[in-house]
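Visitor: I have a structure open and would like to learn how to read its features. Could you walk me through it?

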Amino acid sequence: MRALINRIIFVINSIAAFALLLSYLLPYVSPKMFPFLSVLSLAVPILIVINILFLLYWAIQLNKKLILSLVILVLGISHVSSLYKLKGKSSDDVVENSISLLSYNVRSFNRFEWINSKSIPQDISKLIREQQPDIFCAQEYYNNPETNFNHYPYKYENFNNDNGELALVVFSKFPIINKGSLQFKETANNIIFADIVIKGDTVRVFNVHLQSHKISSATNQFSKADSQKLLSRVQVSFEKQQEQIEILTDHIKKSPYKNIVMGDFNNTAYSYVYNQVKSEGLLDTFKEAGRGFGKTFEFDLFPVRIDFILVAEDFEILEFKTFYKRFSDHYPISTRIKL
């Protein structure tokens with residue numbers, strides 16, 4: 001009886017291992033060519049956890065079937081490190097010629113009271129004032145009179161949606177000498193950039209908010225969704241993300257400065273769009289200096305990392321932090337880099 005159960009479990013194990021192996025190809029597969037396959041990138045964290053559980057199951061029994069999941073996990077060690085980092089970096093001292101960066105999708109400061117709290121605008125303002133990032137990029141920014149970011153002498157704010165209420169914003173302690181918008185059409189999402197002079201050098205900072213999937217973070221709402229419509233919507237948004245990222249990478253190639261890309265990608269580190277941006281000579285600051293789960297979005301089913309800070313390879317990454325403050329459906333992330 002036990003042998004039969006193990007055979008059934010191994011069949012399921014084989015399917016999960018094959019799915020994870022297939023996901024390793026996703027960063028190189030265009031969503032426009034295979035939109036259905038690209039959706040698999042959202043399930044990669046689950047596949048990693050499932051294969052780890054199978055590995056432990058066979059290891060407890062001292063069964064050689066553990067080799068299957070072990071080999072698959074080792075082959076995708078970079079995928080595993082995108083989900084969880086055992087060891088990170090931290091720097092309590094202010095290093096000379098270093099700057100701090102912070103990215104946060106503030107979800108319009110809880111304008112429609114998704115979170116049961118009246119103090120969200122003040123809470124976010126306080127967090128930013130406590131952390132004092134040199135450059136702060138906000139997505140889904142709303143001009144709320146109860147917020148206060150007046151300690152930033154330089155600011156670039158851009159509205160690119162039908163109602164003109166939500167914006168992408170770059171706040172900086174250093175002078176902004178040039179700015180612009182990639183100006184996506186027929187969408188509330190966008191990418192802006194600001195050229196910032198820092199201690200005699202100039203960097204180009206991109207604030208990114210890629211096409212949204214409009215998926216609820218709550219498990220009960222997610223389970224009620226029409227699976228066919230949900231799948232179709234995600235496929236369309238992946239294709240739009242590819243178009244948006246092609247515009248971004250073209251701008252990065254033409255940039256005369258070192259580039260910093262941060263914001264809400266609405267996609268994971270296992271995706272085509274992430275890989276395309278990172279391939280432009282950029283480092284993922286979480287993978288270089290982060291620790292623990294790289295969770296940046298409140299999703300009940302599994303840890304989701306869809307917010308990133310990517311910096312030019314010329315920079316040294318000193319630390320990375322995620323602030324698990326429930327002021328939005330996203331969590332703020334920050335890094336310190338040496339110029």
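Guide: We will go through the sheets, a helix contact, some aromatic rings and a few single residues.

Guide: This is a predicted model, in which local features need pLDDT of at least 70, side-chain atom pairs count only at pLDDT 80 or more, and totals for chains, interfaces and linings use all residues. Residues are numbered from 1 along each chain as its sequence is written, and side-chain values use heavy atoms, with hydrogens and water left out.

Visitor: Let's begin with sheets. What is the order of the strands in the open sheet that holds β4 and β13?

Guide: The general idea is that strands of a sheet pair through backbone hydrogen bonds, either parallel or antiparallel. Strands (E, at least two residues) and helices (H or I, at least four) are DSSP runs numbered from the N terminus, and two strands pair if DSSP finds at least two bridges between them. Here, the 6 strands follow the order β4-β5-β3-β2-β14-β13, with mixed pairing. At the edges, β4 (154–159) and β13 (316–322) each pair on one side only. From one strand to the next, the twist averages 15 degrees.

Visitor: Which way do β3 and β5 run relative to each other, parallel or antiparallel?

Guide: β3 (residues 135–142) and β5 (residues 166–172) run antiparallel and are joined by 6 bridges. Ile135 stands opposite Ser172 in β5.

Visitor: How many residues of β2 are buried?

Guide: Buried means under 20% relative accessible area, exposed means over 50%, and partly exposed lies in between (1.4 Å probe, protein chains only). For β2 (residues 98–105), 8 of its 8 residues are buried. Ser98, Ser100, Leu102 and Tyr104 point one way, while Ile99, Leu101, Ser103 and Asn105 point the other way.

Visitor: And what is the strand order in the open sheet with β6 and β10?

Guide: That sheet of 6 strands reads β6-β7-β8-β9-β12-β10, again with mixed pairing. Its edge strands are β6 (176–181) and β10 (282–284), each pairing on one side only. The twist averages 20 degrees from one strand to the next. Inside the sheet, β8 (residues 201–209) and β9 (residues 258–264) run parallel and share 7 bridges, with Arg204 opposite Asn259 in β9.

Visitor: Now helices. At what angle do the axes of α3 and α4 cross?

Guide: An axis is a line fitted to C-alpha atoms, for helices over the stretch in contact, and angles run from 0 to 180 degrees between N-to-C directions. The axes of α3 (residues 44–60) and α4 (residues 66–75) cross at roughly 145 degrees and come within 8 Å. In this contact (heavy atoms within 4.5 Å), α3 supplies Ile48, Asn51, Ile52, Phe54, Leu55, Trp58 and Ala59, and α4 supplies Leu66, Ser69, Leu70 and Leu73.

Visitor: Where is Val44, and which residues does it touch?

Guide: Val44 is in helix α3 and is buried, with a relative accessible area of 0%. Not counting residues up to four places away in sequence, Val44 touches Leu20, Ser23, His79 and Tyr270.

Visitor: How many aromatic pairs does the structure hold?

Guide: A pair of aromatic rings is described by the distance of the centres and the angle of the planes. Rings of Phe, Tyr and Trp (its six-membered ring) pair if their centres lie within 6.5 Å; planes under 30 degrees apart count as stacked, over 60 as edge-to-face and the rest as tilted. The structure holds 16 such pairs. One of them is Phe286 with Phe320, edge-to-face at 5.6 Å centre to centre and 75 degrees between the planes. Phe286 lies in helix α11 (residues 285–289) and Phe320 in strand β13, so the pair ties together parts that are 34 residues apart in sequence. Phe286 is buried at 1% relative accessibility, and Phe320 is buried at 11%.

Visitor: What is the phi of Glu140?

Guide: Glu140 has a positive phi of about 55 degrees although it is not a glycine. Glu140 lies in strand β3 and is partly exposed at 21% relative accessibility.
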